[in-house]
Amino acid sequence: MTDSSLYATYARADLKFEKGEGAWLTTQDNRRFLDFAAGIAVNSLGHAHPHLVEALKAQAEKLWHVSNLYDIPGQHQLAERLCAATFADKVFFTNSGAEAVECAVKTARRYHYDCGHPEKSTVLTFSGAFHGRTLGMIAAGGQEKYLEGFGPKAPGFITLTSLDIDLVKQSINEETAAILIEPIQGEGGIREIVPAFLKALRDLCDESDILLILDEVQTGVGRTGHLFAHEEAGIKPDIMAIAKGIGGGFPMGACLATEKVAKAMIPGTHGSTYGGNPLAMAVGNAVLDVVLEDGFLDHVAKMGLVLKQRLAALKDAYPDYIEEIRGRGLLLGLKLSMPPAELINACRAEGLLTVGAGDNVLRLAPPLIIDQEEIDFALRALEHALDKLVAAKQESH
Ligand code: PLP
């Protein structure tokens, strides 16, 4: 028995943060940390961004929750803005990423059902994927470590073992409803899907009358220097799940879809008590105010390039530790020659917060508002942390 009343599901670091400002966090005992984890790619505008604070406070003083039994003006406003900025015509608001992807899968299945093809229900996914922790989404992700011990795997998901377009082609049959993919596998280790592969998937979906679902929960809302990562490939999905960055720290997500697909989601087919509540909508709209400002995405792209170049130099200086620099914009990964935990701890001791990912990757997903000086601080911290690992290794020999 531990002395905590919490489920023991997390190996939490012993840090108690009390406040945040921009890209910085301060603990109760007054230690400062530069936050290059951003609550796992969530705090897109950093901590306590004045525009978000103001929007949340103003809404909190008026109305918190009414449920979807009533019209919520903020939902219309945010949905219209998301549609204007993307391929989508319709939006369903959720509270989390997993729910957004679940809604995407339900929408795809219901579309085929509505077209007279209820047999088309299977979704093709890729190994290394992560789509959340509900029973449906652990089946979609297909990773044994998340499925173990949780009973029968939900049917209807087929995990393809490689990013091979011929394999995808061979795997499509009369039961296939959709292909589900992250433009960059985040949890899987910042594994980029090349634009040509996304294009080939799009073509395949069109030829086979199946739907392309993109999971942009981690890559979306400016993180890669584009509003959405798939824009770089010049393709449009039929359905897209978003979350994390759109709430800037307030729990929310959304499923975006074309009219053609979403029209099957008639009254009663889906729902959520909290999804799209006035507080979430106020914050989501405020996040978009900033992300859509002229020059904001250029700033992300620029800082992403600077950070990636600096990391490439770090890789050259520590070839025994760093094998590869991965990712785009401000979703970057250092593929290490060992599990990332030691380096994450060493970085923390230098005042830098980072986050691990699969495939021995140390992930950097800072707030999108970081500046050059913060990049300098992060690189110094990484260097010192690596030096300490090198010294400790030498001592042990
Ligand atoms: N999809 C992707 C790509 C993610 O990275 C995550 C979370 O890390 C999820 C879905 C699940 O989101 P949530 O934890 O908000 O349910």
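**Ligand site and surroundings**

Author: A backbone N or O atom of F130 sits 3.4 Å from a nitrogen atom of the ligand.

Reader: How far is the polar side-chain atom of Q218 from an oxygen atom of the ligand?

Author: 2.8 Å for Q218. For E187, a polar side-chain atom lies 3.4 Å from a ligand oxygen atom.

Reader: How much of the ligand does the protein bury?

Author: The protein buries 81% of the 390 Å² that the ligand exposes when taken alone. Areas are Shrake-Rupley values with a 1.4 Å probe.

Reader: What should I know about the model itself?

Author: It is predicted: local features need pLDDT of at least 70, side-chain atom pairs count only at pLDDT 80 or more, and totals for chains, interfaces and linings use all residues. Residues are numbered from 1 along each chain as its sequence is written, and side-chain values use heavy atoms, with hydrogens and water left out.

Reader: Which residues are around the ligand?

Author: S96, G97, A98, F130, H131, G132, E182, E187, D215, V217, Q218 and K244.

Reader: Switching to R326. Where is it?

Author: R326 is in strand β13, residues 322-328. Strands are DSSP runs of E, at least two residues, numbered from the N terminus.

Reader: Buried or exposed?

Author: R326 counts as buried because its relative accessibility is 10%. Buried means under 20% relative accessible area, exposed over 50%, partly exposed in between (1.4 Å probe, protein chains only).

Reader: With which side chain does R326 make a polar contact?

Author: The side chain of D359, at 3.0 Å. Leaving aside neighbours within four places in sequence, R326 also has contacts (heavy atoms within 4.5 Å) including G189, E192, K308 and V361.

Reader: And A233, where is that?

Author: A233 is in the loop between β10 (211-215) and β11 (239-242). At 3% relative accessibility, A233 is buried.

Reader: What does A233 touch?

Author: P195, L198 and K199, not counting residues up to four places away in sequence.

Definitions and conventions: Helix = DSSP H or I, 4+ residues; strand = E, 2+ residues; numbered from the N terminus. Polar contact = N/O pair within 3.5 Å; in protein donor to acceptor, adjacent residues only side chain to side chain. Near = heavy atom within 4 Å.
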